[in-house]
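Have a look at the sequence and the structure first, then read on.

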Amino acid sequence: MAKVIGKAELCSTNLKYFKALQVNSGKTLFDRYPALANIVKGNIDAMYQDFLSQPVKEDNTITFYGKTYNETPRILSDLHESEKEKYKTIKDETLAHYESKIASLKNSGKTTEAAFLADAIKFIDDRFLYCYDDKAVLGVWGMQLRDNVSEDISEIHKNLTKKKKKQKEKEEDIVDPVSPITTFNISFNAGENGSLNENSFVTKDAKSFLSSDEIPKVQPKAGYEFAGWSENPNNYEINSDKEFTAQYKTRDTISPTPSRLPWYRRFWNWLRAFFLERGCLKWLFWLLLL
């Protein structure tokens, strides 16, 4: 049996049980289903696009595939009163939507597309209409059941849906497996040459990361400058308790920026260097003076 990706089997039937197969341009709707599917996709609202199940024809047998289901699909005629009323309303709303789109296509001159959709929904039989997941899906469409067929409906229409298993659990047996969250303490040590302006520790969950807002500011003592932490705490991944220690350097080790000498000092230094420290130039200058 053929498989359709993304869809599930609903039912199968033999063409010998039906009459009035809808034909378009010499081919049945089932032979031209890809064209019909494009018309549905381009004109029908998404919530109603699954109304026509996908047919797969093999010789005289047609298998119909519908949208994959969470609830077990059931036939509309087999439902109890409350559910039957609910899905009958869904069916009527779906048909009304298709009919309004058919009228719009006719008015816009798209008569071929309108005829496709009209032929597809011409025969509706509640014995072939599947109800599940708040959707109505036609398991057999585009043809009418013959009169005076002797076979039972279950033989004509072979239900291929798979019953969903219902898991029954007693309330007292249900255990909520909540995994304990491991937390760790992250501390910051100011050391001997400074202090912290904010909290010196935070508690973090495992596998989380330290943010810049959680790292305290360091206030160094006079004569010292903060030089960073023993290990970079920013975006540090938490896997255990951790301590970060502040590091310092004395201000004497910081190269001061040289101040610019006034112009007269710079001029005097140039004269001194020129006349007293430049070797032969010095003697040439004295010779010129003599």
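Predicted model: local features only at pLDDT ≥ 70, side-chain atom pairs only at ≥ 80, totals over all residues.

Residues are numbered from 1 along each chain as its sequence is written, and side-chain values use heavy atoms, with hydrogens and water left out.

**The whole chain**

The protein chain has six helices and 17 strands. These are DSSP runs numbered from the N terminus, with helices being H or I of at least four residues and strands being E of at least two. Of the 290 residues in the chain, 31% are buried. Here buried means under 20% relative accessible area, exposed means over 50%, and partly exposed is in between (1.4 Å probe, protein chains only).

What about contacts, meaning heavy atoms within 4.5 Å? Take the ones between residues at least 6 apart in sequence: 67% of them join residues at least 24 apart.

**Strands side by side**

In general, strands of a sheet pair through backbone hydrogen bonds, either parallel or antiparallel. In this text, two strands pair if DSSP finds at least two bridges between them. Here are some of the antiparallel pairs:

| Strand pair | Bridges |
|---|---|
| β1 (residues 7-14) and β6 | seven bridges |
| β5 and β6 | five bridges |
| β12 (residues 183-189) and β14 | five bridges |
| β8 (residues 129-132) and β9 | four bridges |
| β7 and β8 | two bridges |

Start with β6, where five of its seven residues are buried. Ile62 in β6 stands opposite Thr13, and Lys57 also stands opposite Ile62. The hairpin of β5 and β6 has two residues between the strands, and Asp59 takes a positive phi near 60° there.

Now for an open sheet: three strands line up in the order β7-β8-β9, with antiparallel pairing. Why is one side of β7 (74-75) and of β9 left without a neighbour in the sheet? Both stand at the edges and have a single partner strand each, so one side of each has no neighbour in the sheet. Ile75 has Tyr130 in β8 as its bridge partner, while Leu129 has Leu138 in β9. β8 and β9 form a hairpin with two residues between them, and Asp133 in the turn has a positive phi of about 50°.

In a regular strand the side chains alternate between the two faces of the sheet. Look at β9 (residues 135-138) with that in mind: Lys135 and Val137 are on one side, Ala136 and Leu138 are on the other, and all are buried. Back to β14 (residues 201-205), as promised: Val202 and Lys204 make up a covered face, whereas Phe201, Thr203 and Asp205 make up an uncovered one.

Trp229 lies in strand β16 (residues 224-229). Is Trp229 buried or exposed? Trp229 has a relative accessible area of 15%, so it counts as buried. Leaving aside neighbours within four places in sequence, Trp229 is in contact with residues including Phe188, Leu196, Ile215, Pro216 and Phe244. The C-alpha atoms of Trp229 and Tyr248 are 8.8 Å apart, and 19 residues separate the two along the chain.

Ile44 sits in the loop between α1 and β5 (54-58). Its relative accessibility is 3%, so Ile44 is buried too. Not counting residues up to four places away in sequence, Ile44 touches Ile39, Gln49, His97, Tyr98, Lys101 and Leu117. One of those, Tyr98, is 54 residues from Ile44 in sequence, yet the C-alpha atoms are 7.0 Å apart.

**The largest pocket**

How is a pocket found? On a 1 Å grid over the protein atoms alone, a pocket is an open set of points where a 1.4 Å probe fits, with protein on both sides within 12 Å along at least five of seven lines; lining residues have an atom within 4 Å of a point.

The largest pocket has a volume of about 290 Å³, the volume being the space filled by probe spheres set on the points. Of the 17 residues that line the largest pocket, Lys7, Tyr33, Gln49, Asp50 and Leu52 are the closest to its centre. α1 (33-43) gives the most to this lining, with six residues.

How values were computed. Contact = heavy atoms within 4.5 Å.
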